[in-house]
Amino acid sequence: MSRYQLILRQQNGLSAYILRDHQRRAEAVLYPELGNNCVEFRTTPDPDGDSKGGEALPPVDIFVATDDLESLKTHPFHSGQPILFPFPNRVREGKFSFEGESYFMKGLLEKGWDKGAGQAIHGLVADRAWTVEFATADDLGVTVRSSLQLDAIPDIYEQYPFRCKIAVTYTLKEGVLEMLTEVTNTGDKTLPMGFGIHPWFPVVLRPALRTPAGLEAVTAEDRGKAQVQVPAASIWQLEKLMPTGEVVSAENTVYDLREWRALETHFFDNVFTQVEHAADGWSSSGVRDTETGLEMYIAADGTFREWVLYAPLERRVVALEPYTCTTDAVNLEPQGVDAGLIALPVGEVWAGTIKFGLRRIE
């Protein structure tokens with residue numbers, strides 16, 4: 001049997017693309033018809049998968065999967081790894097102006113995903129069926145590339161009348177899941193955009209925690225022992241989860257997560273900025289389980305300048321979300337705020353890469 005394998009399986013009338021790395025006992029499960037959500041990902045930290053005691057370490061779930069695939073059709077942001085485009089997080093009242101024209105994302109606002117708060121949230125692509133362009137497995141890894149032409153979908157184009165294509169290529173190689181996203185401006189005017197993802201991670205890194213039901217045995221004490229890290233010096237000041245335009249220092253506050261910090265009883269729903277990048281331009285965040293000595297990491301290349309941390313008290317999960325811009329950037333930029341909005345010229349391509357993996361605490 002070759003190291004890498006691609007399996008196509010029909011489940012609940014949906015196409016599931018299963019990417020496997022047998023040597024690392026790693027597996028990713030992707031549903032292009034459900035917003036191209038990579039619903040499951042599990043892996044081991046070492047090439048041989050051995051634990052420190054010499055016993056084989058079972059694969060550890062990195063993403064929290066769904067208990068019910070059907071629920072992802074109507075509630076696409078509660079599990080797996082949802083994709084946020086053309087704007088991550090919220091757009092105030094679903095309205096924005098760009099280059100002298102005004103726009104209203106009425107249909108997105110009416111979905112009520114923001115729990116009735118009156119903001120459009122998380123973009124237009126997470127509940128759409130994407131088209132698989134190719135799926136391959138060879139000695140270099142296993143890859144699936146899917147895309148969505150936004151202007152080909154009438155109700156999306158009505159709300160966001162910009163011609164563009166988004167393509168995401170997932171590759172599983174050496175136990176690490178890579179996500180390459182490319183956005184092409186296929187229209188005749190500048191494209192305003194931002195990109196982000198909303199992956200859900202368990203607060204404990206142990207086998208057999210695939211779904212919310214599997215996390216029910218995780219206690220508040222377990223959450224208290226979990227550690228998080230976000231490489232950012234500041235946070236955006238928020239009012240009702242919307243940035244005011246002001247950035248404040250995180251130093252000497254609970255929001256300074258540049259060093260690993262226990263979650264304990266802290267609630268987080270914050271946008272972090274002034275991110276510290278490595279020499280290669282990448283930044284990295286993650287969750288540590290001090291009981292198992294394992295660390296889940298999510299790394300993003302230099303095109304991502306913000307991180308969001310969402311850590312609810314009522315769920316044993318953490319969302320660590322790399323963004324190219326802050327929440328509501330499309331409305332902050334006209335006010336003179338450097339919010340990270342991308343203005344993509346005609347014919348050009350924006351690209352960004354994110355990686356997910358598991359390693360031992362050093």
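Predicted model: local features only at pLDDT ≥ 70, side-chain atom pairs only at ≥ 80, totals over all residues.

Me: How many aromatic pairs does the structure hold?

Reply: It holds 17 aromatic pairs. One of them is Phe 63 with Phe 356. Their centres are 5.0 Å apart, with 90° between the planes, and the pair is edge-to-face.

Me: Where do Phe 63 and Phe 356 lie?

Reply: Phe 63 is in the loop between strand E5 (60–61) and helix H1 (71–74). Phe 356 is in strand E28 (residues 349–360).

Me: Is Phe 63 buried or exposed? And what about Phe 356?

Reply: Phe 63 is buried, at 1% relative accessible area. Phe 356 is buried as well, at 0%.

Me: Next pair. Why do Tyr 255 and Phe 268 count as edge-to-face?

Reply: Because their planes stand at 80°, and the cut-off for edge-to-face is over 60 degrees. The ring centres are 6.0 Å apart.

Me: Which parts of the chain does that pair link?

Reply: Tyr 255 is in the loop between strand E20 (242–249) and strand E21 (261–262). Phe 268 is in strand E22 (residues 268–275). They are 13 residues apart.

Me: Is Phe 268 buried or exposed? How about Tyr 255?

Reply: Phe 268 is buried, with a relative accessible area of 1%. Tyr 255 is partly exposed, at 26%.

Me: Which residues form an aromatic cluster?

Reply: Phe 87, Phe 96, Phe 98, Tyr 103, Tyr 160 and Phe 162 form one cluster.

Me: Now charges. Which ring does Lys 95 lie over? And Arg 359?

Reply: Lys 95 lies over the face of Phe 104, 5.7 Å from the ring centre. Arg 359 lies over the face of Tyr 297, at 4.2 Å from the ring centre.

Me: Switching to strands. What order do the 5 strands of the open sheet take?

Reply: The order is E1-E2-E3-E4-E5, with antiparallel pairing.

Me: Which strands stand at the edges?

Reply: Strand E1 (4–11) and E5. Each has a single partner strand, so one side of each is left without a neighbour in the sheet.

Me: How many bridges join E2 to E3?

Reply: There are 5 bridges between strand E2 (residues 14–21) and strand E3 (residues 26–31), and the two run antiparallel.

Me: What stands opposite Leu 19?

Reply: Ala 28 in E3.

How values were computed. Residues numbered from 1 in each chain as written. Heavy atoms only, no water. Phe/Tyr/Trp six-rings, centres within 6.5 Å; stacked < 30°, edge-to-face > 60°. Helix = DSSP H or I, 4+ residues; strand = E, 2+ residues; numbered from the N terminus. Buried < 20%, exposed > 50% of the residue type's maximum accessible area, 1.4 Å probe, protein only. Lys NZ or Arg CZ within 6 Å of the ring centre and 35° of its normal. Pairing = 2+ DSSP bridges.
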